[in-house]
Amino acid sequence: MTDSDYILACQKIAHVYYEKLEVEHFERISKSDINLTKTQNHEVIHGLLARQITLVSGMVKSLPTWNEHIAPIILRCIIDATITLKYIYLDVDKHVQQFVDFGLGQETLMLKRIKERNLAEDGEIINQIEQHINKERKHFLNIINVGSWNFINIRETAIKAQCKELYDFAYSQFSIAAHSSWNFIFPRYLEYCKNPLHKYHRVPVLPELEVNYIFLIMAADHLKQSLSDYDKLFFDSAVFQNSFDYLVTEFKNIHEDVENS
Ligand SMILES: [Zn+2]
């Protein structure tokens with residue numbers, strides 16, 4: 001299999017996977033009972049799921065993200081939302097309200113900062129943010145919490161939501177990339193100078209962005225976990241089209257083709 005055949009095959013599989021995922025998503029939403037006395041709960045949960053699916057869609061449409069340089073940033077966002085959802089499910093009414101309050105508080109804080117810098121050209125953006133917040137709630141009613149939305153950190157959130165492993169082995173690992181920590185930087189962006197008289201100092205390198213389907217599988221796997229959490233909460237025995245199984249089977253075939261070529 002040539003490199004260009006590999007890329008074309010990956011593109012095709014990713015595209016079909018996403019079509020299946022969209023069908024699966026709409027089936028799930030159309031079968032969900034909406035409690036009209038608690039629309040905010042549905043909005044937050046469905047909004048977070050839509051965010052995760054959109055992040056996966058971004059990877060599907062952009063193969064240069066399928067590598068250790070870019071994918072971990074997207075994966076971290078997907079997992080962040082998974083942990084948030086798992087925690088929300090512990091006490092949906094209370095946690096959804098906290099989540100909304102924090103978000104509106106953050107927006108109000110941004111508005112306050114923009115107003116304080118007192119620039120004439122900020123008039124339009126101030127109007128936009130005010131309208132945006134007022135659609136949800138009057139901005140002067142929002143309480144600003146500068147900590148986290150649920151008053152605990154992400155590690156404690158994961159422990160309470162019984163997904164500490166997800167935090168330890170996925171979220172934390174991908175955070176190293178998102179923060180550009182030293183242990184992420186030195187093995188990837190530096191190499192030893194070839195001049196032996198230079199005391200082996202390291203010089204920067206700009207790595208190629210390789211395309212490895214394993215990163216799309218990882219993203220799809222975390223999304224699948226989130227969708228399965230949702231199904232456990234909202235359906236007794238719903239069976240939806242399994243886009244993830246398609247992805248894994250097809251990439252397994254590609255793997256065999258690459259090995260045999
Ligand atoms: Zn040198």
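## Briefing on a predicted helical model

Helix α5 (residues 123-136) has 14 residues, and the distance from its first C-alpha to its last is 21 Å, close to the 20 Å expected at 1.5 Å a residue. The expected span is 1.5 Å times one less than the number of residues in the helix. Of the 14 residues of α5, 1 is buried, so the helix lies largely in the open. A residue is called buried if 20 or more other C-beta atoms lie within 10 Å of its own, exposed if 12 or fewer do, and partly exposed in between, with C-beta atoms placed from the backbone. The model is predicted: local features need pLDDT of at least 70, side-chain atom pairs count only at pLDDT 80 or more, and totals for chains, interfaces and linings use all residues. Residues are numbered from 1 along each chain as its sequence is written.

**Overall layout**

- The protein has 10 helices and 2 strands; helices (H or I, at least four residues) and strands (E, at least two) are DSSP runs, numbered from the N terminus.
- Along the sequence, these elements follow the pattern α-α-α-α-α-α-α-α-β-β-α-α.
- The C-alpha atoms fill a box of roughly 60 × 55 × 40 Å, taken along the principal axes.
- Of the 261 residues, 24% count as buried.
- Among contacts between residues at least 6 apart in sequence, 73% join residues at least 24 apart; two residues are in contact if their C-beta atoms, placed from the backbone, lie within 7 Å.

**The nonpolar core**

- The largest nonpolar core has 46 residues, and those with the most contacts inside it are L216 and A219. Such a core is a set of buried Ala, Val, Leu, Ile, Met, Phe, Trp, Tyr and Cys residues joined through C-beta atoms within 7 Å.
- At least two residues of this core come from each of α1 (3-31), α2 (39-60), α3 (71-88), α4 (92-117), α7 (164-178), α9 (214-234) and α10.
- Helix α3 gives the most to this core, with 10 residues.
- Leaving out residues up to four places away in sequence, L216 touches A14, M59, V60 and W66.

**Helix α1 and its partners**

- The 29 residues of α1 should span 42 Å at 1.5 Å a residue, and its end C-alpha atoms are 42 Å apart, which agrees.
- In α1, the residues C10, I13, A14, Y17, Y18 and L21 are buried, and the buried residues of this helix pack against α2, α9 and α10.
- Two packed helices are described by the angle between their axes and the distance between the axes. Axes are lines fitted to C-alpha atoms, for helices over the stretch in contact, and angles run from 0 to 180 degrees between N-to-C directions.
- Helices α1 and α2 pack at an angle of about 170 degrees, with their axes 10 Å apart. This angle makes α1 roughly antiparallel to α2; angles under 35 degrees count as roughly parallel, over 145 as roughly antiparallel, 65 to 115 as roughly perpendicular and the rest as oblique.
- On the α1 side, this contact is made by A14, H15, Y17, Y18, L21, H25 and I29, and on the α2 side by H46, I53, S57 and V60.
- The contact of α1 with α2 has 7 nonpolar, 4 polar and no charged residues. In this scheme, Ala, Val, Leu, Ile, Met, Phe, Trp, Tyr, Cys and Pro count as nonpolar, Asp, Glu, Lys and Arg as charged, and the others, Gly among them, as polar.
- The axes of α1 and α10 come within 9 Å and cross at roughly 170 degrees; these two helices are therefore roughly antiparallel to each other.
- Residues Y6, A9, I13, V16, Y17, K20, L21 and E24 of α1 meet S243, Y246, L247, E250, F251, I254 and V258 of α10. The residues of this contact divide into 11 nonpolar, 1 polar and 3 charged.

**Individual residues**

- N118 is found in the loop between α4 and α5, and its phi is near 55 degrees, a positive value in a residue other than glycine. N118 counts as exposed, with 7 C-beta neighbours inside 10 Å.
- K199 is found in the loop between β1 (190-192) and β2 (202-204). Phi of K199 is near 55 degrees, a positive value in a residue other than glycine, and K199 is exposed, with 7 other C-beta atoms within 10 Å.
- C193 also is found in the loop between β1 and β2. Apart from neighbours within four places in sequence, C193 is in contact with H198, Y200, H201, R202 and V203.
- D257 lies in helix α10 (residues 243-260) and is partly exposed, with 13 other C-beta atoms within 10 Å.
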